[in-house]
Amino acid sequence: MDIINNAYVSDKYQYTMGKSYLECGKQDRIAVFNLFYRKAPENNNWAVVSGTEEVIEMVLKLGSEPEEFYERFLPGEEYREFRKYLSTMKFTGDVYTMREGEIAFPNQPIVTVVGPMIESQVLETPMLCILNHQMAVATKASRVCRSTDKPVSEFGSRRAHGPWAAVYGGKAAQIAGCASSSNILTGAFNNVPSTGTMAHSFITSYGSTVEGEHKAFSDYIRTHKGENLILLIDTYDTLRCGVKNAIRSFKEAGIDDSYGPGYGIRLDSGDLAYLSQEVRRILDEHGLTKCKIFATNGLDEYLITDLERQGARIDSYGVGDAIATSKAAPCFGNVYKLVQIDDQPVLKRSEDKIKLINPGFQITWRISSQDKEKGNSLDGYVFKADVTCLRGDAMDLAIQQGKTITIRDEYDSFKTKTFEEGTYDARPLQLQSIKAGERIAPYYNLLQKKQFYKDNLHHFSPAERRLINPHYYKVDISDALYDCKMSIIGKLVKEIDSFEI
């Protein structure tokens, strides 16, 4: 979808800084930026990665506009030389990304950019725009889908924060477990079917009568026979006419449990637990035992959990704005920070402890081992710990060689975990996607991304996957990264203590 050039969905200060870099001769210094988040929303342990595919596409579009384009936001003679520079500036560096469907923990680099200073700096805002939206939606969709073993469909386009958000939100939701999306462009761009039934307006267009409801159902079945048929039964009275008209219309059209494409009814209001139980009883009494019950109406993971606790007879859920806007936590917290300039690690220090970042060019390893009792993955392997290292440090090399490693808690050196040689496997979470300005990442379709997420999820223990008070998963940094950080902080504090004007 190419409505606008996403590389320029940016803030002006990215370019005012760029002008200073150019005029000070710093434009070609090699910068390393990390994109990461500090705290997952809604007390999650982790977040679901979605949007790195669009990030790759965005980076490759940099420098694709004529000089006149830049004059719209950088006018004046003082910007003339900078505009000329920008009109020919392509990204020439390297980008490392987590795959879509990866499960990421706080402070782990989701994207690492290595490239000339100006080229890397101007990517900040569009990259955050893409990933903050999609990861908010994907993480919320994961929570909703983990609240039930029934299928969940996303249909929040009408409440999404704009057309772009609706399309990519539908994609993010499906990566993180939703069975489908109602958005037709999400389906078209990802080569998957979109789903939909009917609105109340279809039924009221036949006049507000019981017979009008019957006629609406009959016409819908007749015009969609051969497809999955879902009838909305709460327009007037769910139990006294809606479900009865649905049964009547299905039987008149010869739709019963032998109908291959599947059939069902939708509840969109009222006491869903009670109504689903009563509707199930009525359908079964009329021999429609395979007629599915689909429920909507402002649902989220908490309401779905409660419905199932009450014994609701619901076969599938539709969730709108709770997923599409990540309603409970609509603003995801990814940030984009400079961590190295040329070969010098750097960091941002803050009064807020949570804002202290990890410096240097990093890589995260996910350690797994055989543990059939704690997990339910098909291959018996369970994720045990993540450790972020400086690339090429002692732990990074030891993990690559499969040697014995000991991970120490960053905030409590007495908490350690040792993995003996030959007892663990490890894989890097950040993979190179762009090399010297050219894409090298493979392409994955939506179903492959969704399966990758599902496989990741089931390698965590059930306690780590629960929604409320999830069990702590070990996430640490290498000794070398810790020492690097403390060294920079120590030198900085010493300078500050002696600083005077």
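1. Let us begin with a pair of strands: S14 (residues 362-370) and S15 (residues 381-390) run antiparallel and are joined by nine bridges. Please keep in mind that this is a predicted model. As a landmark within the pair, look for Trp 365, which stands opposite Val 387 in S15.

2. Now widen the view to the sheet around that pair. S14 and S15 belong to an open sheet of four strands, in the order S18-S14-S15-S21, and the pairing in this sheet is mixed. In general, strands of a sheet pair through backbone hydrogen bonds, and the pairing can be parallel or antiparallel.

3. Which strands stand at the edges of the sheet? They are S18 (425-428) and S21 (474-477). Each has a single partner strand, so one side of each is left without a neighbour in the sheet. From one strand to the next, the twist averages 25°.

4. Next, turn to a pair of helices. Two packed helices are described by the angle between their axes and by the distance between those axes. For helix H6 (residues 124-146) and helix H7 (residues 163-175), the axes come within 8 Å and cross at roughly 45°. H6 and H7 are therefore oblique to each other, and their crossing is right-handed.

5. Which residues make this contact? From H6 come Cys 129, Ile 130, His 133, Gln 134, Val 137, Ala 138 and Ala 141. H7 contributes Trp 164, Ala 165, Tyr 168, Gly 169, Lys 171, Ala 172 and Ala 173. Sorted by class, the contact of H6 with H7 has 10 nonpolar, three polar and one charged residues.

6. Is Ser 326 buried or exposed? With a relative accessibility of 2%, Ser 326 counts as buried, because the cut-off for buried is under 20%.

7. Asn 469 is not a glycine, yet it has a positive phi of about 50°. Asn 469 is exposed, with a relative accessible area of 62%, whereas Ser 326 is buried.

Terms used
Residues are numbered from 1 along each chain as its sequence is written. This is a predicted model: local features need pLDDT of at least 70, side-chain atom pairs count only at pLDDT 80 or more; totals for chains, interfaces and linings use all residues. Side-chain values use heavy atoms; hydrogens and water are left out. Axes are lines fitted to C-alpha atoms, for helices over the stretch in contact, and angles run from 0 to 180 degrees between N-to-C directions. Helices (H or I, at least four residues) and strands (E, at least two) are DSSP runs, numbered from the N terminus. Angles under 35 degrees count as roughly parallel, over 145 as roughly antiparallel, 65 to 115 as roughly perpendicular and the rest as oblique. A crossing is left-handed if the near helix is turned anticlockwise from the far one by less than a right angle, and right-handed if clockwise. Contact means heavy atoms within 4.5 Å. Ala, Val, Leu, Ile, Met, Phe, Trp, Tyr, Cys and Pro count as nonpolar, Asp, Glu, Lys and Arg as charged, and the others, Gly among them, as polar. Two strands pair if DSSP finds at least two bridges between them. Buried means under 20% relative accessible area, exposed over 50%, partly exposed in between (1.4 Å probe, protein chains only).
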